[in-house]
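Please read it alongside the sequence and the coordinates.

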Amino acid sequence: MHEYRTHSCAELRRKDDGEIVKLSGWIHRKRDHGGLLFIDLRDHYGLTQCVINIDSQIFKKVEHLRLETVLTVTGRVVLRSDDTINTKLPTGEIEVKIEDITILSEPDTLPLQVNSEEPYGEEVRLRHRYLDLRREPMQKNIILRNNIIRSIREKMWAQGFQEFQTPILTASSP
């Protein structure tokens, strides 16, 4: 078994019901519903909802965690009831019932929220680029840019072009 995961956060489906899994990622959202605490765990591939009961021995370890804390969660995949299925998520038919948790990294108070659609100023976004690049619009832009460049390269290679790279001693960055 991999040290940090058996699946990515976008992989689990109805067919995985009952399976013990290990997921790693950032806490994207937390919702406290009285007796249950829901955590949306995010990695590069997607989101998976994880749930822990207030009666669990590890609840105290989880309840204080902030957004963007990096976790490894081990638990059993369970099907959601028909009225709680989230059709907006590929993993919306299941959730992971947390049985064990490892906190890999806890953040300080964040200057901007990764899960927010709030339009932060350019100065804040550039100063905290490491957070801005985790935001969904930026992730979509990075993937779009990658796909465009890959497409151009494939078309040029198909026509017999060669790509040569020369060493760059310095590269500017925003």
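The model is predicted, so local features need pLDDT of at least 70 and side-chain atom pairs count only at pLDDT 80 or more, while totals for chains, interfaces and linings use all residues. Residues are numbered from 1 along each chain as its sequence is written, and side-chain values use heavy atoms, with hydrogens and water left out.

**Overall fold**
- The protein chain has 4 helices and 5 strands, where helices (H or I, at least four residues) and strands (E, at least two) are DSSP runs numbered from the N terminus.
- Along the sequence the pattern is β-β-β-α-β-β-α-α-α.
- The radius of gyration of the protein chain is 20 Å, well over the 16 Å that the globule rule gives for 174 residues, so the chain is more spread out than a compact globule. The radius is taken over C-alpha atoms, and the rule is 2.2 Å times the number of residues to the power 0.38.
- The C-alpha trace spans about 60 × 40 × 30 Å along its principal axes.

**Barrel**
- In the order 1-2-3-5-4, 5 strands close into a barrel with mixed pairing; two strands pair if DSSP finds at least two bridges between them.
- From one strand to the next the twist averages 55 degrees, with axes fitted to C-alpha atoms and angles running from 0 to 180 degrees between N-to-C directions.
- Strand 3 (residues 47-53) and strand 5 (residues 94-105) run parallel and are joined by 2 bridges.
- Strand 4 (residues 70-79) runs antiparallel to strand 5, with 10 bridges between them.
- Lys 97 in strand 5 stands opposite Val 51 and is the bridge partner of Arg 76.

**Helix 4**
- The 23 residues of helix 4 should span 33 Å at 1.5 Å a residue, and its end C-alpha atoms are 33 Å apart, which agrees. The expected span is 1.5 Å times one less than the number of residues.
- Gly 160, which follows helix 4, has a positive phi near 95 degrees.

**Largest pocket**
- The largest pocket has a volume of about 650 Å³. A pocket is an open set of points on a 1 Å grid over the protein atoms alone, where a 1.4 Å probe fits, with protein on both sides within 12 Å along at least five of seven lines; the volume is the space filled by probe spheres set on the points.
- Of its 27 lining residues, the closest to the centre are Arg 42, Asp 43, Gly 46, Leu 47 and Glu 136; lining residues have an atom within 4 Å of a point.
- Strand 1 (20-33) and helix 4 (136-158) each supply at least two lining residues, and the largest share, 5 residues, comes from helix 4.
- The lining has 10 nonpolar, 7 polar and 10 charged residues, with Ala, Val, Leu, Ile, Met, Phe, Trp, Tyr, Cys and Pro counted as nonpolar, Asp, Glu, Lys and Arg as charged, and the others, Gly among them, as polar.
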